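The sequence and model come first.

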Amino acid sequence: MTGRIKWAAAITGAGLATQLGAALHWTPATFIVSAAVGVPLVLIGSVLFLVAVWRNLKERGAA
Amino acid sequence: MLPIYMVVALGSGVTIVTLLLAGTNVLVAQRTGRLVLLVGLVGLPLLLSAGNLSYGVAESSQTRFCLSCHEMQRYGKSLFVDDKQALAAVHYQNRLVDRDVTCYACHKDYALFGDVKAKVNGLRHVWAHYVRGVPDKIALYQPYPNANCLHCHDDARRFLEKPPHRPVLDALQSGSLSCLGCHRVAHDMGKVDAHSFWQAQ
């Protein structure tokens, strides 16, 4: 579980960092990068985190 | 740069996620820690992203955003020309539209998906700017729709009572007669090139 959560955190962090970079250098192009790369990375990270938790709960239930 | 509070919020988000990443092993072992991970890795980043995206979409409607591309700067100057017939200048100088969203106020459709369509067209503009190249002559994707004018003028007394409008109201409503058929000058680029600008005294 820890490994999966670390992956989720890394991807979420990358998404937020992308958005931070775009916010620091705000242009039409960086806005698109922020919306098309940064936000989806955060969404993917969140989904991976929730999947990791769900799998863990399922494994506990089975045990 | 976006406003400092947005930058600080995103910077804080990155720091928190990094700290949580470093402390995952410890946090996973405790019930409270798992709750902290849930809030810090899902709730907070989603909230920050939603806020950032929402702010960005609003910012992309601003006049300064449109004029940040050099191709549009001549059109920005056309807002200041000394021409009482040029629609863009008349609307801007008389404050008929909000000056902060001047381009957007006139160039977005007011139908259900008008905002979405405008943003998609904005993506096409960025694509043209960076990849495909900007055409020599910049033109609208479609003839300017009367609905965009009528959104504001439709029930305006000054519009309805103007004698030339009365016989053609139905044609204007149906779109069979374009507003630009009579109001021919939208952006007076000739006066931009001639540096003929109006200035408030």
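## Nonpolar cores

The largest nonpolar core has 29 residues, of which Ala8(A), Leu16(A), Phe49(A), Leu10(B) and Leu41(B) touch the most other members. A nonpolar core is a set of buried Ala, Val, Leu, Ile, Met, Phe, Trp, Tyr and Cys residues joined through C-beta atoms within 7 Å; buried means that 20 or more other C-beta atoms lie within 10 Å of a residue's own, with C-beta atoms placed from the backbone. At least two residues of this core come from each of α1 (2-24) and α2 (28-62) of chain A and α1 and α3 of chain B. Helices are DSSP runs of H or I with at least four residues, numbered from the N terminus.

Leaving out residues up to four places away in sequence, Leu41(B) touches Ala8(A), Ala9(A), Thr12(A), Gly45(A), Phe49(A), Val17(B) and Leu20(B). Touching, or contact, requires backbone-placed C-beta atoms within 7 Å.

The model is predicted: local features need pLDDT of at least 70 and side-chain atom pairs 80 or more, while totals for chains, interfaces and linings use all residues. Residues are numbered from 1 along each chain as its sequence is written, and chains are lettered from A in the order in which they are written.

## Chain contact

Chain A contributes 30 residues to the contact and chain B contributes 32. On chain B, α1 (4-22), α2 (24-28), α3 (31-59) and α8 (114-132) each supply at least two residues of the side that touches chain A.

## Chain A

Chain A has two helices and zero strands. The C-alpha trace of chain A spans about 50 × 15 × 10 Å along its principal axes. Of the 63 residues in chain A, 40% are buried.

Note on methods. Contact = placed C-beta atoms within 7 Å. Buried ≥ 20, exposed ≤ 12 C-beta atoms within 10 Å, placed from the backbone.
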